[in-house]
Amino acid sequence: MSDCEDIILVAGAGGFIGGHLVNRLLERGHKVRAVDIKPVAEWYQLFPAAENHVLDLKSLANCRTAVAGAARVYNLAADMGGMGFIETHKAECMLSVLINTHLLMAAREAGVDRFFYASSACVYAADKQTNADVTALKEEDAYPAMAEDGYGWEKLFSERMCRHFREDYGVTTRVARYHNVYGPNGTYDGGREKAPAAMCRKVIEAKLSGRHAIEIWGDGEQTRSFMYIDDCLTGTMAIMASGIVDPINLGSAQLVSINQLVDIVENIAGIKLKRSYNLGAPKGVRGRNSDNTLIQKKLGWEPSIRLEDGMEQTYRWIWDQIAAGKAERKLAS
Ligand code: NAD
């Protein structure tokens, strides 16, 4: 591996947010080391200008290899997915604790300048998210702790690990709590996809098949906010560069119900679908929104890309993927 001192390590670079972050860092002229456990053929985005490595970062030895010579570390690697995945793979989600722990240990040994950890709104206490008409979550609402079982507890533990490595060992750590990130170049099928991509896929499939129906998980009245990837990158890099030492919300404050999200996708597609509701499907908390008072105060900024605009980009990309897949299948048969 290269020994240049200003290398930035992106862990989880084959994933959705990691791939976009590599791109943005390269655009800004940084040297990037991109690492993921997946074979490179499965990375959402691959940039020849980056150093690309396939490593399992649950192993301390691999973390040492990945961190060697890097000045900054962005940890976006985790075994994760939407509600359908995290409600049924709690042990797998919790094992991501090994990634952050070993990356922190390696970062400390190597004396990196800064370390970023991607936490999640799933750290917030469940009893503060029982109404669709939710009060937006402030950073202190994570305690007393009652995080999302499995995935959320791992995130909360890893947040604290960052804090203690900062306090006890002087590692400069930064932590953002992402609220539902969406955009092109991410998962849209296979079970790990989240609501925005899932809705795009379902509407596209309905449009292509002529079967004008859609299944929605839950009663569709559960609420969320969704942050477009460009806002996520801007916020991530600003938090990394900032003096903000405690975990901070990074999310949109545009609250919508899942039914409203479907309305938006239907409008983009120019179609109306018959909705059925699967009340037994995983649906997560009843309502969740990001209180952006703190990020406004600290950065004078908050995510602002409208859901309608971000979903348009996301829909177009998923449409192209599905259309390309169909063309490939046709050629093969
Ligand atoms: P993603 O699943 O697309 O990317 C995560 C990447 O980590 C994957 O490519 C995966 O292969 C890789 N990975 C998993 N285990 C690994 C290992 N042992 N070693 C090396 N790489 C490994 O997910 P994403 O949406 O890009 O999320 C990035 C980070 O942001 C994650 O920590 C996630 O928990 C957090 N987050 C995401 C959202 C969201 O809405 N996307 C919300 C909150 C938090």
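# Exercises on a predicted protein model with a ligand

Buried residues account for 53% of the 333 residues in this protein. The model is a predicted one, and the exercises below walk through it from the whole fold down to single side chains.

## Exercise 1: The overall build

Work out how many helices and strands the protein has, and how its radius of gyration relates to the globule rule.

Step 1. Begin with the secondary structure: the protein contains 11 helices and 13 strands.

Step 2. Now turn to the radius of gyration. The value is 20 Å, close to the 20 Å that the globule rule gives for 333 residues, so the protein is as compact as a globular protein of that length.

Step 3. Along the principal axes, the C-alpha atoms fill a box of roughly 55 × 50 × 35 Å.

Step 4. Look at the contacts between residues at least 6 apart in sequence: 78% of them join residues at least 24 apart.

Step 5. Finish with the surface. The accessible surface comes to about 14400 Å², and 51% of that belongs to carbon and sulfur atoms.

## Exercise 2: The ligand and its shell

Find which residues come nearest to the ligand, and which elements each supply at least two residues of the shell.

Step 1. There are 27 residues around the ligand, and the nearest are Ile17, Asp36, Asp56, Tyr151 and Val181.

Step 2. Sort the shell by residue type: 15 are nonpolar, 6 are polar and 6 are charged.

Step 3. Trace the shell back to the fold. Helix 1 (16-27), strand 5 (114-120) and helix 6 (151-169) each supply at least two of its residues. Strand 5 gives the most, with 3 residues.

Step 4. Check the distances between N or O atoms. A backbone N or O atom of Gly15 is 3.1 Å from an oxygen atom of the ligand, while a backbone N or O atom of Leu57 is 2.9 Å from a ligand nitrogen atom. For Lys194, an N or O atom of the side chain lies 2.9 Å from a ligand oxygen atom.

Step 5. Now ask about cover. On its own the ligand has 830 Å² of accessible area, and the protein covers 94% of it.

## Exercise 3: Asn185 and the backbone

Decide whether Asn185 is buried or exposed, then describe its backbone.

Step 1. Locate the residue: Asn185 sits in the loop between strand 7 (181-182) and helix 7 (195-209).

Step 2. Compare its accessibility with the cut-off. Buried means under 20% relative accessible area; Asn185 has 17% relative accessibility, so Asn185 counts as buried.

Step 3. List its contacts. Leaving aside residues up to four places away in sequence, Asn185 touches Phe16, His20, Tyr44, Gln45 and Trp317.

Step 4. Read the backbone angle. Asn185 is not a glycine, yet its phi is positive, at about 65 degrees. Asn180 also has a positive phi, near 25 degrees, and lies in the loop between strand 6 (173-178) and strand 7.

Step 5. The peptide bond joining Tyr143 and Pro144 is cis, with omega about 0 degrees; Pro144 belongs to the loop between strand 5 and helix 6.

## Exercise 4: Trp217 and Asp219

Step 1. Trp217 has a relative accessible area of 34%, so Trp217 is partly exposed. Asp219, at 31% relative accessibility, likewise counts as partly exposed.

Step 2. Look at the neighbours, not counting residues up to four places away in sequence. Trp217 touches Gly84, Lys202, Gln222, Asn278, Ala281 and Pro282. Asp219 touches Asn259, Tyr277, Leu279 and Arg286.

Notes
Residues are numbered from 1 along each chain as its sequence is written. This is a predicted model: local features need pLDDT of at least 70, side-chain atom pairs count only at pLDDT 80 or more; totals for chains, interfaces and linings use all residues. Side-chain values use heavy atoms; hydrogens and water are left out. A residue is near a molecule or strand if one of its heavy atoms lies within 4 Å of it. A polar contact is a pair of N or O atoms within 3.5 Å; within protein, one must be able to donate a hydrogen and the other to accept it, and residues adjacent in sequence count only if both atoms are side-chain atoms. Accessible areas come from the Shrake-Rupley method with a 1.4 Å probe; for residues, only the protein chains shown count as cover. Helices (H or I, at least four residues) and strands (E, at least two) are DSSP runs, numbered from the N terminus. Ala, Val, Leu, Ile, Met, Phe, Trp, Tyr, Cys and Pro count as nonpolar, Asp, Glu, Lys and Arg as charged, and the others, Gly among them, as polar. The radius of gyration is taken over C-alpha atoms; the globule rule is 2.2 Å times the number of residues to the power 0.38. Buried means under 20% relative accessible area, exposed over 50%, partly exposed in between (1.4 Å probe, protein chains only). Contact means heavy atoms within 4.5 Å.
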